[in-house]
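Have a look at the sequence and the structure first, and then read on.

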Amino acid sequence: MKNNSTGVRGVTFDKKRNKWVAQITFQRKNHSLGRYDDKEDAIKARLEGEERFFGKYRMDGK
């Protein structure tokens with residue numbers, strides 16, 4: 001989305017807690033992947049979550 005400042009879907013910044021949040025939606029359920037101090041750690045958690053939840057069915061062909 002064009003208003004996503006992180007460049008990665010599912011990674012947002014929680015201003016209230018001053019942490020980066022990683023989350024993923026799978027089978028219509030939202031799964032929290034954790035809160036992180038660094039944006040890179042949240043992105044890494046999101047990518048690992050994609051592999052864990054979607055595996056070979058990922059859309060990007062990785």
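## A helix residue and its surroundings

Arg46 sits in helix α1, which covers residues 39–54. Helices here are DSSP runs of H or I with at least four residues, strands are E runs with at least two, and both are numbered from the N terminus. This is a predicted model, in which local features need pLDDT of at least 70, side-chain atom pairs count only at pLDDT 80 or more, and totals for chains, interfaces and linings use all residues. Residues are numbered from 1 along each chain as its sequence is written, and side-chain values use heavy atoms, with hydrogens and water left out.

Is Arg46 buried or exposed? Arg46 counts as buried because its relative accessibility is 7%; buried means under 20% relative accessible area, exposed over 50%, and partly exposed in between, with a 1.4 Å probe and protein chains only. Leaving aside neighbours within four places in sequence, Arg46 is in contact with several residues, among them Val8, Val11, Ala22 and Leu33. Contact means heavy atoms within 4.5 Å. The side chain of Arg46 also reaches the backbone oxygen of Arg9, at 3.2 Å.

## The strands

Along the sequence, the pattern of the protein is β-β-β-α, with 1 helix and 3 strands. Two strands pair if DSSP finds at least two bridges between them. The table sets out the two pairs.

| Strand pair | Direction | Bridges |
|---|---|---|
| β1 and β2 | antiparallel | 4 bridges |
| β2 and β3 | antiparallel | 7 bridges |

## The turns

Most residues other than glycine have a negative phi. Asn18 is exposed, with a relative accessible area of 53%.

The hairpin of β2 and β3 has 2 residues between the strands, and Gln27 in its turn has a positive phi of about 55°. Arg28 lies in the loop between β2 and β3 (29–36), has a positive phi of about 65°, and counts as exposed at 85% relative accessibility.

To finish with the whole chain, 32% of the 62 residues of the protein count as buried.

Terms used: A polar contact is a pair of N or O atoms within 3.5 Å; within protein, one must be able to donate a hydrogen and the other to accept it, and residues adjacent in sequence count only if both atoms are side-chain atoms.
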